[in-house]
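Dear colleague,

Please find below the structure that I am handing over to you. A summary of the findings follows it.

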Amino acid sequence: MRARNQAEATVRILNTAGRYLQDRQSLELLNSALSRGQLRPLPGNIEEERLGLEDCYEELTEATDRVIHLAARVNMVLPYRSLEAANTEGTSTWRHLPCMVG
């Protein structure tokens, strides 16, 4: 998530959910998952090795069973090669993360 820290990432999720989730029950489920630690927003960078999450990457490989990955870099002018690190290599890292769970 594009954010400076976990608190900012959480606020961004809640603000976006407030705009798009129309029913109260869905918002309550989201809040509940966040407060119980079932959903953990992590500010990272899909273009960096280990997603820019070096300080918690090992913990993620042990505890993650699902990943919600919506990040992408989009630019209609740049050649694909300049977008590849984010859109291909970053996605590959996320895709393998749940497979590393021991």
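E8 is partly exposed, with a relative accessible area of 23%. Please note that this is a predicted model. The side chain of E8 meets that of R4 in a salt bridge, with N and O 2.9 Å apart. R4, for its part, is exposed, at a relative accessible area of 72%.

The count of salt bridges comes to five. Another of them joins E28 to R24, whose closest N and O atoms are 3.0 Å apart. Both residues belong to helix α2 and are four residues apart, about one turn of the helix. E28 is partly exposed at 45% relative accessibility, whereas R24 is exposed at 65%.

A salt bridge also links E59 with R40, again with the closest N and O atoms 3.0 Å apart. Because E59 lies in helix α3 and R40 in the loop between α2 and α3, the pair ties together parts that are 19 residues apart in sequence.

Turning to helix α1, its buried residues are A9, T10, I13 and A17. They cover an arc of only 100 degrees around the axis and therefore lie on the same side of α1. These buried residues pack against α2 (24-36), while A7 and R19 are exposed on the other side of α1.

Finally, V74, M76 and V77 form a nonpolar patch on the surface, with about 420 Å² of accessible area together. M76 sits in the loop between α3 (57-63) and α4 (80-96) and counts as exposed, at 79% relative accessibility.

With kind regards

Conventions:
Residues numbered from 1 in each chain as written. Predicted model: local features only at pLDDT ≥ 70, side-chain atom pairs only at ≥ 80, totals over all residues. Heavy atoms only, no water. Patch = residues over 30% accessible without salt bridge, like charges linked within 9 Å, V, L, I, M, F, W, Y side chains within 5 Å. Areas by Shrake-Rupley, 256 points an atom, 1.4 Å probe, with all protein chains shown as cover. Salt bridge = Lys/Arg side-chain N within 4 Å of Asp/Glu carboxyl O. Helix = DSSP H or I, 4+ residues; strand = E, 2+ residues; numbered from the N terminus. Buried < 20%, exposed > 50% of the residue type's maximum accessible area, 1.4 Å probe, protein only. Arc of directions from axis to C-beta. Contact = heavy atoms within 4.5 Å.
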